[in-house]
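Please keep the structure open while reading.

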Amino acid sequence: MTRCIHCSRCVRFGQEIAGMMELGMPGRGEHMEVMPFLAHQVTSELSGNVIDLCPVGALTSKPFRFSARPWELSRRRTISPHDGLGANMAVHVKGNHVFRATPVENEAVNECWLADRDRYSYQAINSDERLLAPMVKDGGHWVELDWRKALAQAAGALKVIRENHGGDAIGFIASPRQTVEELHLFQKLARALGSENVDSRIDRADFSGTRAGVEWLGMPVADLSGLDRCLVVGSSLRKEQPLVAQRLRQAVKKGLQLNVVHAADDDLLCRVANKLIVRPSGLVEALAQVAKAAGARIDGLGTVAVSAAAQAMAESLKSGASKAVLLGAVAQQHPAAAQLHALAQAIAEATGARFGFLVDSADQVGAGVVNCRPGQGGAHAAAMFAEAKKAYVILGAEPELEAWNSAQARRALESAELVVVLSPFKTRTMDYAQVMLPVAAYAETAGSYVSMEGRLQSFRAAAAPQGEARPAWKVLRVLGNQLELPGFDQDTVAQVLAEALPQGEATIAGRLGNGIAGVAVTALHAGTGIERLGETPIYQLDAYTRRAPALQATADGQAGQAAAASGSLIARLGLSIDKPVKVSQDGAETVLKLVRDDALPDDVVRVPACLAAASRLGARYGELTLEKM
Amino acid sequence: MSVPYTGPKVCLWTLDHPNPAALETYVANGGYAALKKILAEKVPAEKIIEEVKLSALRGRGGAGFPTGLKWSFMPRNYDGDKYVVCNTDEGEPGTFKDRDIVEFNPHQLIEGMIIAGYTLGARAGYNYIHGEIFELYQSWEKALEEARAAGYLGKNICGSGWDFDLHAHHGYGAYVCGEETALLESLEGKKGQPRFKPPFPASYGLYGKPTTINNTETLASIPWIMRHGGQAFLDLGKPNNGGTKIFSISGHVNKPGNYEIPLGTPFGDLLEMAGGVRNGHKLKAVIPGGSSAPVLPADVMMACTLDFDSIAKAGSMLGSGAVIVMDETTCMVKALERLSYFYYEESCGQCTPCREGTGWMYRVIKRIEHGEGRPEDLDLLMNVGTNIAGRTICALGDAAVGPVQSFIKHFRKEFEYHIEHKKCLVGS
């Protein structure tokens, strides 16, 4: 601590911004020292910001420090590829190597902060798992080819499938963290091949109902700071949207009444006015209580009994001037997501609140806007895996981890005749793919993201792609040429964007809409067995966070690899804390470490999704059993 | 004035009685009468403040701020909790008067705090007691119990329908917690570091509520003023310096201890009461108001009377009345080294000039004392001092500088001798 001047900004950051004071300054005068004075290490999901606000460099970035001189680095702006906030940041590059990422101030988006996953996920760009050359499976072995041959093989194989089975036999799955330009060309390629099976909502289960447009936040992000009433449904706010949670936390200090309907009583590090914590299968009934108490106009609530907490929530939402109802990732991934959607919409209408979605992917809104969605007669992401296609083209995604039912996705992909994968990484898709095409990672490609508030943010490439990797939009364009499809002759990424979004943000605004119709509220009876809560852990969110060792080493990273249950459930089942436990679901089983988390309701076990060990279990929600090893 | 002083005493008069701390002793000698009278006659707060202003009672903790004026800063029509806090965090080296008040006359302090609470519209009061004298905390709690049992504290005090209660809190011996806002932070359970002012405690004090903080001796003087009138208190001392004051005399005297004498008593009289300088030595220097006060050479001090104005005129301060006497055998460099060490250890570390400067000054003085001084060191010390004083949130920085600059000013020769000859002028 020889550089520390005891300004205590890091301590105040914990108190005032991160919401938990994990750093303190024991000692007096010259003997004062900054240290984590509680028993544990610093666990905040925003901890990296103390590096930026330390005025003297006493607190440094462990993965970065002493590896480069700051004045040798070029600072290039980009946009975070993780959650839907679209945090502005800069990557620092020397000799085509990304050394670190720092925030870029934008009061309307991330203010001056950056979540740890935005800050440290650059490690994945330099990961050993990068796919550095096009590869094709030849007689069960992977061989490296040059681009021309690899693209010709991919195009040839796709043509064969189309001729033998028709375009509809091909499924197109994209990650919602690809750029707008890439997603536009991807869906264009699908449609040109005669397939309407194109989707980026890989972690969803419920696609029912008639939707008015692309789901978005329903308001500018900055407006969250001025809310005075808010209902958050099905969101592990801090882990899912670290910086949105920070905004709401500041708003709570200014008088926001935060109401929460969720499947886990997570510590939001701020005062929660009212909460309803129920098992996942009880979420619809819990939200129906609020809807009924609020006098929402929606059918099917006759038998619902309103609890005191629901009544208080409805009263909270009816008072106040600036209010919002927000649906989080758990609500969006819920098996009855459309019912939650319809109920939340009805509550918002009845209380005069704004209504929106906390979008958990950097470009999910963009994917919707450029219609990376199934068309007439096409299959959505879940249907493409439920009824296996003959062939799949996968852009950036890892379906065997990320899909709503990961086991089913894997089975479908394994049974396919052809799987073409465009990915920056040597993913597990290599087990079943036939063609692997290396594409640029984030910060290596130019493009745009559409954030959850509908903000179009374009960026240039900050570094050249590693190895033989090429920006995905170029790969898709050339693949279109190889397939002799019309409309694949763009020369620049700007041309692609102009084609995808002719009027830019105006085009986006015209396609946004949170309305839903044609949904009946029926899932009003909670289950009785032990249930899985299959959230995406904060650092298993996407291919980048999974490959960032710094993130995996944090407490959140470790917790994201274990199953969690309340102390009473663990005692009832005679299990041991911090010991392996056998988890069985849908006839599959796996072994995970069991940790205690008393924030969970009884009979709910948090078994993370997107985790290799848990991926064979299958659906994110459903009944499961725990057994002692 | 006769030596020893035999006139009326304000605070330590109970020592003339057997069983001085007992409630009975206090009540038998007119204790709690003033409180009963105020409650029975519902004396308006303005009138009490007027009386305190008339008495010219000045803060006994060191700053000498007029108490009546301080009380009048409290918002009159504030609709919410207000607090009275007593500062018994007697951390100033050389001071040991407040502990004697709490130990030997706790009920007068309790009565003073109740009257203060009544006057200022507070519902609760706290006494923050120095952590290193834990027995005091216990005896204070015992006195509170006695007062509660007798109906002077709690609900419906003396049948007046007015509620007020007192609580004790003990610190852990940090010097800086004697600073009023650091004391409030500590009382709130936080790290004891002074707050930036303004807002002053009168508008934003304990838990953000209007708060008045007074020294133990100040609050203990209130009942006497109410009983005998502000004019009588003023007449004890001299104009603008009302009342008697306890002087804690220590150092090279034959009879160190607490002496309660009127303000304006010549220093020579106090020295005589304390039995004179030990072993017939010659007086060399005196720190008249606790370690933070600038030192005064013997001749200057002997010409002073002991009151706020006279000592301020001589270039020091009466402070908390801790008179530290040094005779001719004292090495001033060594004495200053010890004082600087204290401030170095006790700086809270919040403000850079104080945190870094106190350590710097200590190390420079240490090297002078140990024969490693350099000719430029004295100017360096003066310069560092100038860059601390007035540049910190609280007065601890100034307090650390006071001794350094005054020691060098008055005894520069000794320091120079140390630097030049690498040994002490006094012993050689």
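Is B:E179 buried or exposed? With a relative accessibility of 15%, B:E179 counts as buried, because the cut-off for buried is under 20%. The model is a predicted one.

**Salt bridges**

- Side chains of opposite charge can pair when their charged atoms come close.
- Over all chains, the count is 59 salt bridges.
- B:E179 pairs with B:K197 in a salt bridge, 2.9 Å from N to O. This pair links distant parts of the chain, 18 residues apart. B:K197 lies in the loop between α8 (180-187) and β4 (211-215) of chain B. B:E179 lies in the loop between β3 (165-170) and α8 of chain B.
- In chain A, A:D199 and A:R201 form a salt bridge, with 3.0 Å between the closest N and O atoms. Both A:D199 and A:R201 are buried.
- B:R412 and B:E416 also form a salt bridge, and their closest N and O atoms are 3.2 Å apart. Both residues sit in helix α17 (residues 396-421) of chain B. They are four residues apart, so about one helical turn separates them.
- An α-helix has 3.6 residues a turn, so residues three or four places apart point the same way.
- B:R412 is partly exposed, with a relative accessible area of 30%. B:E416 is partly exposed too, at 37% relative accessibility.
- A network of salt bridges with shared partners joins A:E129, A:E398, A:E402, A:R546 and A:R547.

**Helix pair α14(B) and α15(B)**

- Two packed helices are described by the angle between their axes and the distance between the axes.
- Helix α14 (residues 332-346) and helix α15 (residues 352-369), both of chain B, pack at about 155 degrees. Their axes are 9 Å apart. α14(B) is therefore roughly antiparallel to α15(B).
- The crossing of α14(B) and α15(B) is left-handed.
- On the α14(B) side, the contact is made by B:V333, B:K334, B:L336, B:E337, B:S340, B:Y341, B:Y343 and B:Y344. On the α15(B) side, it is made by B:T358, B:G359, B:Y362, B:R363, B:I365, B:K366, B:I368 and B:E369.
- By class, the residues of the α14(B) contact with α15(B) are eight nonpolar, three polar and five charged.

**Helix pair α3(B) and α6(B)**

- The axes of α3(B) and helix α6 (residues 106-120) of chain B come within 8 Å. They cross at roughly 125 degrees, which means that α3(B) is oblique to α6(B).
- The crossing of α3(B) and α6(B) is left-handed.
- B:A45, B:I48 and B:I49 of α3(B) meet B:I115, B:Y118 and B:T119 of α6(B).
- This contact of α3(B) with α6(B) has five nonpolar residues, one polar residue and no charged residues.

**Helix pair α1(A) and α7(A)**

- Helix α1 (residues 9-18) and helix α7 (residues 242-253) of chain A pack at an angle of about 80 degrees. Their axes are 9 Å apart. The two helices are therefore roughly perpendicular to each other.
- A:Q15, A:E16, A:I17 and A:A18 of α1(A) make the contact with A:Q246, A:R249, A:Q250 and A:K253 of α7(A).
- The contact of α1(A) with α7(A) has two nonpolar, three polar and three charged residues.

**Buried positions**

- B:S55 belongs to helix α3 (residues 45-55) of chain B. At 0% relative accessibility, B:S55 counts as buried.
- Leaving out residues up to four places away in sequence, B:S55 touches B:I225, B:G230, B:F233, B:L234 and B:G242.
- B:S55 and B:N29 are 26 residues apart in sequence, and their C-alpha atoms are 21 Å apart in space.
- Helix α16 (residues 472-482) of chain A has these buried residues: A:A472, A:W473, A:V475, A:L476, A:R477, A:L479 and A:G480.
- The cover over the buried residues of α16(A) includes α4 (147-165), α5 (180-192), β16 (391-395), β17 (418-423), β18 (435-438) and α17 (493-500) of chain A.
- A:E484 follows α16(A) and has a positive phi, near 55 degrees.

Conventions
Residues numbered from 1 in each chain as written. Chains lettered and ligands numbered in written order. Predicted model: local features only at pLDDT ≥ 70, side-chain atom pairs only at ≥ 80, totals over all residues. Heavy atoms only, no water. Axes fitted to C-alpha atoms, helices over the stretch in contact; angles between N-to-C directions. Parallel < 35°, antiparallel > 145°, perpendicular 65-115°, else oblique. Left-handed = near helix turned anticlockwise from the far one by under 90°. Contact = heavy atoms within 4.5 Å. Nonpolar A, V, L, I, M, F, W, Y, C, P; charged D, E, K, R; others polar. Salt bridge = Lys/Arg side-chain N within 4 Å of Asp/Glu carboxyl O. Buried < 20%, exposed > 50% of the residue type's maximum accessible area, 1.4 Å probe, protein only.
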